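Here's a quick briefing to read with the model open beside you. We'll go through a pocket, a pair of helices and the confidence scores.

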Amino acid sequence: MAKTKIETLRNGIENFLMSSEVTSVVDKYGNKAAQMAGTGYESKLVVGVDRRGETRMKALVYPATKDARRDNFQNNTLEKVWRSMRNG
């Protein structure tokens, strides 16, 4: 049996992951997480580079107010939100 070699189009995949369709999906999940966390939490889109050097679109959810920071520190609110979103 002959070996099959699959070669990916790295630029094509990166362009797809940075497209407006994928960006809107990531933004939707970030906004959903911020809403689930409660008042004082916000989300924004950031472009980051991971350990392998790949560029990725990420949704950053963070406590934007002092009360939200305190709430997150005392209750691990964002950790609970991410866990509940991951488990469905």
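Which residues line the largest pocket? They are T8, R10, I13, E14, L17, G53, E54, T55 and R56. Keep in mind that this is a predicted model, with an average pLDDT of 90 across the protein.

**The largest pocket**
- The space inside the largest pocket comes to about 200 Å³.
- Two elements, α1 (10-17) and β2 (55-63), each give two or more residues to its lining.
- Helix α1 is the top contributor to that lining, with 4 residues.

**Where α3 meets α4**
- Two packed helices can be described by the angle between their axes and the distance between the axes.
- Here, helix α3 (residues 66-75) packs with helix α4 (residues 77-87) at about 70 degrees, and their axes are 6 Å apart.
- Angles of 65 to 115 degrees count as roughly perpendicular, so α3 is roughly perpendicular to α4.
- On the α3 side, the contact is made by D71, N72 and N75, while α4 brings T77, L78 and K80.
- That contact between α3 and α4 divides into 3 polar, 2 charged and 1 nonpolar residues.

**How confident is the predictor?**
- A pLDDT of at least 70 is reached by 98% of the residues.
- Among the elements, α3 has the highest mean pLDDT, at 97.
- Helix α1, the one that gives the most to the pocket lining, has the lowest mean pLDDT of the elements, at 82.

Note on methods: Residues numbered from 1 in each chain as written. Predicted model: local features only at pLDDT ≥ 70, side-chain atom pairs only at ≥ 80, totals over all residues. Heavy atoms only, no water. 1 Å grid on protein atoms, 1.4 Å probe; cavity = no way out; pocket = protein on both sides within 12 Å on 5 of 7 lines; lining within 4 Å. Points joined across faces, edges and corners; volume = space filled by probe spheres on them. Axes fitted to C-alpha atoms, helices over the stretch in contact; angles between N-to-C directions. Parallel < 35°, antiparallel > 145°, perpendicular 65-115°, else oblique. Contact = heavy atoms within 4.5 Å. Nonpolar A, V, L, I, M, F, W, Y, C, P; charged D, E, K, R; others polar. pLDDT = per-residue confidence, 0-100.
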